[in-house]
Structures are given as structure tokens and as C-alpha cells.
Amino acid sequence: MTDFETILLEKRGRVGVITLNRPKALNALNSQVLQELVVALDDLETDDGIGAILITGSERAFAAGADIKEMQPKSYMDMFMADFFAGWDRLASARKPTIAAVSGFALGGGCELAMLCDILLASDTAKFGQPEIKLGVIPGIGGSQRLTRAVGKAKAMDLVLTGRNMDAEEAERAGLVARVIPADELLDEALKTAETIASMSLPVAMVAKEAVNRSFETTLSEGVRFERRVFHSLFATEDQKEGMAAFVEKRAPEFKNR
Ligand code: CO8
């Protein structure tokens, strides 16, 4: 397996776990983190043994944002020519289900990275925010769009314009976070959730997330049409036959991911 310097990659059964690992910089996201994350993600996406991907940080910080020290000297032309931050789109195009397990700071790019995942689980110590305005910029990895879709205009404007943080409870109330979990149980719970997802039929889980994500990109009637077509197509899978046979025969299904 590739040696990484800024992340850790582990395969725990059918779950791939990526841990951000720049403790001295509170896991600030620099270009190396992005490069390594993309390599790790490509590895997990092409490994047939992996059914779900968990991304986490440390107890103190999921990630305290994009690396300000890396960005500070850059010019407009540097940012434009490098299409700075465009690489993060790789996460949005992940086909396998992704879960962010967030403890501590998830600020700026950290909040945006968590929002790029399909399910966001937070410890009771988590703090979310888009403080870029305090640095003279705005969110640059989709925060102004994904936060607004997640929590609505009122709170998104409040957070993006004041740069204030939101605690885990407020984030759950606002609909950003699926569940809040005591800090010392976060990783176990997140792993359990990932294992549950990884125990389903992988192609069906991939299609399920595609259908939910479709709702952000299309009208209701087109989305419902898309869902129905894909639903019909699942009757061509062995796993639909197995899932329904197992129910009728009162036994656990054995999905073959086919
Ligand atoms: N980048 C680089 N280094 C960081 C970052 C960061 N985002 N956050 C923390 N660090 C470093 C600190 O510099 C410090 O390093 P050192 O010990 O060498 O001085 C170390 O991590 C520990 O941090 P603190 O001493 O500050 O720890 P505190 O517990 O006192 O404070 C905070 C924790 C509140 C999280 C504080 O570190 C903080 O405010 N960090 C910055 C948060 C922030 O503003 N994040 C947004 C960054 S911008 C972004 O994500 C998107 C930009 C979009 C640009 C669009 C362009 C296209």
C-alpha cells in the first residue's frame, strides 16, 4: 500500500478508513492532503472488497480548513491556472457511499470536506463554520452552495457572512448533521454505520446514493422519473432476487454484489 504522509489509510473488513493526519496544523487541507486523499479514494473505489468509505480526523480537529499558510502567497493567476481546489470534486464523484465522522473543528474547507460526504456524523464536540470571510475570502470548496442546500438560506447567510461557528447540536437541528454521538463513541458508531452500509449490495447502495444526489441537480418530476427507471433496472440484478428470496424464506440475505 502507498505510504502517505498527511493521511492514514486502513481497510477494516469492508470499510475503508481515511484519517486526516496533520495534527500540528489541525489537519489543515493542503495540496498534499488532497493528492493523497485522491490516491486513497481511487484505491478504495477500485477495491471490490470495500463497500463504504469513512473519512475522519482527530478528536481535536476534523480539519481546521484549507491551509492558510499555503494560500497566503498566491496570486489570482496562481489560483486560476491551477484551478485551485477543483481537485476536491473527486470526492463528490465518489461512487461508493462515503461517511464523514467529525470531532472538533470542521471549519472552512474542513466543513466543506465533511459536506462532500454522503452522511455526516458528528461528535458532541464538533464545531462547524465557514469563517473564510474573516480572511478576506469566501468558501472555495463548495461551501456557499452545499451549506445552503443543507441548512437553508437563513443559517447559511448567518454563518458565511459572520464567520461564526455552529456547535454539533445546532448543526443537527439545522439538518447539516445526520446524528450527534458522544465523542468517545464517535469512531465506533461511524464504523458500525459504515459496516451496515457495506453489508448491503454494493451496486444497489451506489445506485441509492446516486438517486438521492440526483435530487440536488434536477426537478422533482425528472428526479422521480430517474428513480423509477433505476428502480426498474435493479430487477436485472442477482441481489434483488436474493434480497427478496431471503425475505420470503425468512433468512438473512447473502448479497453477491452482482
Ligand atoms: N491553515 C493552516 N494552519 C492552520 C489552520 C489552517 N486553516 N488552522 C490551524 N492551523 C495551525 C495554526 O497556525 C497553528 O500552527 P502553529 O502552531 O505553527 O502556529 C496550529 O494549527 C494550531 O492552531 P491554533 O494555535 O490556532 O489552535 P487554537 O486551538 O488556538 O485555534 C482554531 C483553533 C480556532 C481552529 C484556529 O486555528 C483557526 O481559527 N484556524 C483557522 C480556521 C479558518 O479560518 N479556516 C478557514 C480556512 S480558509 C478555507 O478553508 C477555504 C478558503 C477558500 C478560499 C477560496 C479560494 C478559491
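Let me start with the residues that join helix α6 to helix α7. On the α6 side they are L147, T148 and V151, and these meet K153, K155, A156, L159 and V160 in α7. By type, the residues of this contact divide into five nonpolar, one polar and two charged. Keep in mind that this is a predicted model.

Now the geometry of that pair. Two packed helices are described by the angle between their axes and the distance between the axes. Here α6 covers residues 143-151 and α7 covers residues 153-162, and their axes come within 7 Å and cross at roughly 140°. What does that make the two helices relative to each other? Angles over 145 degrees would count as roughly antiparallel, and α6 and α7 are therefore oblique to each other. The crossing of the two is right-handed.

Next, helix α12, residues 238-248. Which of its residues are buried? They are D239, Q240, E242 and A246. Looking down the axis of α12, these buried residues fall within an arc of 165°, so they line one face of the helix. As for what that face packs against, the partner is α10, residues 202-214.

Most residues other than glycine have a negative phi. K250, in the segment after α12, has a positive phi, near 55°. Is K250 buried or exposed? Its relative accessibility is 77%, and over 50% counts as exposed, so K250 is exposed. N257 also lies in the segment after α12, and its phi is positive too, near 60°. N257 has a relative accessible area of 29% and is partly exposed, because the cut-off for buried is under 20% and the one for exposed is over 50%.

Last, F226, which sits in helix α11, residues 220-233. The relative accessible area of F226 is 19%, so this residue is buried, the cut-off being under 20%. What does F226 touch, once its neighbours within four places in sequence are left aside? The contacts are E210, A211 and R214. The range given for α10 is 202-214, so you can look for those contacts on the model there. For a separation along the chain, take F226 and M157: they are 69 residues apart in sequence, and their C-alpha atoms are 32 Å apart in space.

Methods. Residues numbered from 1 in each chain as written. Predicted model: local features only at pLDDT ≥ 70, side-chain atom pairs only at ≥ 80, totals over all residues. Heavy atoms only, no water. Axes fitted to C-alpha atoms, helices over the stretch in contact; angles between N-to-C directions. Helix = DSSP H or I, 4+ residues; strand = E, 2+ residues; numbered from the N terminus. Parallel < 35°, antiparallel > 145°, perpendicular 65-115°, else oblique. Left-handed = near helix turned anticlockwise from the far one by under 90°. Contact = heavy atoms within 4.5 Å. Nonpolar A, V, L, I, M, F, W, Y, C, P; charged D, E, K, R; others polar. Buried < 20%, exposed > 50% of the residue type's maximum accessible area, 1.4 Å probe, protein only. Arc of directions from axis to C-beta.
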